[in-house]
Amino acid sequence: MKFIIVAAVALVAVAAALPVEEPVEIVNSVFEQQADGGYKYAFGQSDGVKREETGVVKEAFDEDNKPHNVVVVRGSYSYINPNGQEELINYTADEEGFHPEGSSIPVAPVARR
Ligand SMILES: *[C@@H]1O[C@H](CO)[C@@H](O)[C@H](O)[C@H]1NC(C)=O
């Protein structure tokens with residue numbers, strides 16, 4: 001009996017010492033879908049995370065010069081880093097690939113010939 005009480009007190013002490021994590025909530029959210037496949041969405045969270053993105057359909061040409069539709073994506077996301085500062089990343093994604101840009105992303109040196 002004594003052991004059970006000691007164990008229960010220890011458990012309560014451990015639970016009290018744990019930091020209380022506030023559940024993250026979505027504080028705003030929009031989504032618009034266009035008939036052609038384009039779209040726009042954005043959301044914000046109570047922990048400071050934000051994201052927005054638009055997709056626009058455009059015609060591109062493959063290696064055989066055949067036309068096809070691609071969705072060109074442009075957006076950004078931001079979050080609060082462990083130092084309490086906001087990190088913002090802008091990005092685009094198109095037929096050439098994914099291109100992120102932000103102060104926390106290292107820039108590759110320019111190749112010299
Ligand atoms: C991201 O885009 C915004 C708006 O276009 C611009 O003001 C900002 O300087 C850009 N930031 C980075 C890190 O590319």
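**Exercise 1. Describe the surroundings of the ligand.**

A polar side-chain atom of E101 lies 3.2 Å from an oxygen atom of the ligand. This is a polar contact (a pair of N or O atoms within 3.5 Å). The protein covers 36% of the 360 Å² of accessible area that the ligand has on its own; such areas come from the Shrake-Rupley method with a 1.4 Å probe. In the side chain of N90, an N or O atom is 2.4 Å from a ligand oxygen. The residues around the ligand are L88, N90, E101 and G102, where near means that a heavy atom lies within 4 Å.

The model is predicted: local features need pLDDT of at least 70, side-chain atom pairs count only at pLDDT 80 or more, and totals for chains, interfaces and linings use all residues. Residues are numbered from 1 along each chain, and side-chain values use heavy atoms, without hydrogens and water.

**Exercise 2. Classify the aromatic pairs.**

Step 1: rings of Phe, Tyr and Trp (its six-membered ring) pair if their centres lie within 6.5 Å; planes under 30 degrees apart are stacked, over 60 edge-to-face, the rest tilted.
Step 2: the count is three aromatic pairs. Y39 and Y41 are stacked because their planes are at 15 degrees, with centres 6.3 Å apart.
Step 3: Y91 and F98 are tilted, at 5.5 Å and 40 degrees.
Step 4: Y91 is buried at 5%, whereas F98 is exposed at 52%.

Conventions: Polar contact = N/O pair within 3.5 Å; in protein donor to acceptor, adjacent residues only side chain to side chain. Buried < 20%, exposed > 50% of the residue type's maximum accessible area, 1.4 Å probe, protein only.
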